Amino acid sequence: MANPEVRTTLPNARRTPRFAGVATFCQYPPIERVPPEQSPVDWALYGAPFDSGVTYRPGARFGPRAVRNESQYVKPYHIEHGLQLSEVLSLADAGDSPIMPYDCEQNARVVADFARTIGDPGHTRLMMIGGDHSNGLANIRATFDRTGRPAGGLAVIHFDSHLDTTNVTFDEKYSHASPFIRSIEEGLIDPRRMLSVGIKGPLNTPKDLEYPRDHGITVVFREQLMREGTTTIDAFLRRIGDAPAYLSFDIDVVDPAFAPGTGTPSVGGLTSAEAFALLRRLATGGKDGQVRPPNVVGADVVEVLPDRDVQGITALLAGHMAFEILCLDGLRRRG
Ligand code: MN
Ligand code: MN
């Protein structure tokens with residue numbers, strides 16, 4: 001008997017152990033097995049097993065499988081928020097997108113085409129698990145369309161060690177270094193309502209800083225975050241308010257000591273505890289003591305490279321980051 005209070009059917013962890021069964025993201029049901037009373041789902045997670053857009057070490061194409069595996073141990077009750085996620089959101093695993101392993105531009109098209117059709121496009125929100133960050137462009141394209149192509153573009157909250165606004169690398173415009181510059185050019189996102197958190201160097205050239213500065217992207221460098229805490233982030237959240245926002249989480253924003261399984265590791269990053277704290281801070285909307293999360297209409301968690309991982313800790317962290325992001329929308333809907 002389905003319990004109408006429960007939005008997502010999860011295996012009973014007291015009866016079916018978390019190490020048994022076919023692995024789906026966080027044990028959410030495969031989308032084709034979601035009961036009618038839970039359809040259309042509020043959020044669908046899907047994999048984008050593509051990594052031909054990397055500038056350094058490849059292997060993130062195996063990220064979705066690794067995250068599925070390790071996320072079996074992501075439990076549904078959030079202590080700090082006091083939120084049973086499976087009671088407020090219906091959730092599903094929509095499988096993996098088709099990909100085009102030899103061509104970044106075509107891949108971004110194919111993944112976006114797949115993402116546009118998942119669940120009910122007018123209702124179901126998408127979280128993409130990468131794969132490299134070039135897939136972000138595809139999920140942003142789909143999210144923009146599914147959100148009714150908002151005038152001025154989506155707001156963006158971006159966690160990363162890297163700006164990802166490099167125009168061309170190795171004569172290629174579509175890569176994991178360029179998802180946001182392409183999204184801005186296509187009018188999908190608004191650079192003046194874009195926040196990049198955790199950015200750090202060294203860089204190839206100081207010119208890399210020019211594009212975000214000239215286009216009004218709010219950048220919070222790693223050093224700045226340690227000095228000022230969430231001051232700039234809070235102000236940004238208050239400014240975007242309820243605008244439809246895309247949240248992109250590149251796992252390399254976390255220090256390689258905590259997230260070694262990634263292709264462009266950047267030392268001196270966040271601890272995993274700081275990453276949790278920042279995502280939980282978003283729930284305040286930038287106002288102490290309040291619960292006013294941004295209106296996250298689409299998201300990704302990218303750049304997990306399992307062959308460089310140690311004991312699955314990076315993939316496990318990625319699963320938890322996905323959960324934290326979903327909880328922001330869960331909190332909003334609970335009101
Ligand atoms: Mn990135
Ligand atoms: Mn990065």
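Here are some questions and answers about the metal sites and helix contacts in this predicted model.

Q: Which residues coordinate the manganese ion (ligand 1)?
A: Let's begin with the distances: the donor atoms sit at 2.1 to 2.2 Å from this ion. Along the chain, the donors follow the spacing H-x26-D-x3-D-x85-D. The residues that supply them are His133, Asp160, Asp164 and Asp250.

Q: Which residues are the protein donors of the manganese ion (ligand 2)?
A: Here the donors lie 2.1 to 2.5 Å from the ion. Their spacing in sequence is D-x1-H-x87-D-x1-D.

Q: How far apart do the manganese ion (ligand 1) and the manganese ion (ligand 2) lie?
A: Look for the residue that joins the two sites: aspartate 160 bridges both ions. The distance between the two ions is 3.3 Å.

Q: Is aspartate 160 buried or exposed?
A: Aspartate 160 is in the loop between strand 6 and helix 5, and its partner aspartate 250, 90 residues apart from it, is in strand 9. Aspartate 250 has 2% relative accessibility, so it counts as buried. For aspartate 160 the relative accessible area is 0%, which means that this residue, too, is buried.

Q: Is histidine 162 buried, exposed or partly exposed?
A: Histidine 162 lies in the loop between strand 6 (154-159) and helix 5 (179-185), while aspartate 252 lies in the loop between strand 9 (244-250) and helix 9. Aspartate 252 is buried, with a relative accessible area of 1%. Histidine 162 has 27% relative accessibility, so it counts as partly exposed.

Q: How is helix 8 oriented relative to helix 9?
A: Helix 8 (residues 231-240) and helix 9 (residues 272-282) pack with their axes 10 Å apart, at an angle of about 30°. Angles under 35 degrees count as roughly parallel. Therefore helix 8 is, relative to helix 9, roughly parallel.

Q: How many residues of the contact of helix 8 with helix 9 are charged?
A: From helix 8 come Ile233, Asp234 and Leu237, which meet Leu278, Arg281 and Leu282 in helix 9. In this contact 4 residues are nonpolar and none is polar, and the number of charged residues is 2.

Q: What is the handedness of the crossing of helix 3 and helix 4?
A: The axes of helix 3 (residues 104-116) and helix 4 (residues 135-146) come within 8 Å and cross at roughly 35°. Their contact residues divide into 7 nonpolar, 3 polar and 5 charged. The crossing of helix 3 and helix 4 is right-handed.

Note on methods
Residues are numbered from 1 along each chain as its sequence is written. Chains are lettered from A and ligands numbered from 1 in the order in which they are written. This is a predicted model: local features need pLDDT of at least 70, side-chain atom pairs count only at pLDDT 80 or more; totals for chains, interfaces and linings use all residues. Side-chain values use heavy atoms; hydrogens and water are left out. Axes are lines fitted to C-alpha atoms, for helices over the stretch in contact, and angles run from 0 to 180 degrees between N-to-C directions. Helices (H or I, at least four residues) and strands (E, at least two) are DSSP runs, numbered from the N terminus. Angles under 35 degrees count as roughly parallel, over 145 as roughly antiparallel, 65 to 115 as roughly perpendicular and the rest as oblique. Contact means heavy atoms within 4.5 Å. Ala, Val, Leu, Ile, Met, Phe, Trp, Tyr, Cys and Pro count as nonpolar, Asp, Glu, Lys and Arg as charged, and the others, Gly among them, as polar. Donors are N, O and S atoms within 2.8 Å of the metal (3.2 Å for Na, K and Ca); water is not among the atoms, so sites may look incomplete. Buried means under 20% relative accessible area, exposed over 50%, partly exposed in between (1.4 Å probe, protein chains only). A crossing is left-handed if the near helix is turned anticlockwise from the far one by less than a right angle, and right-handed if clockwise.
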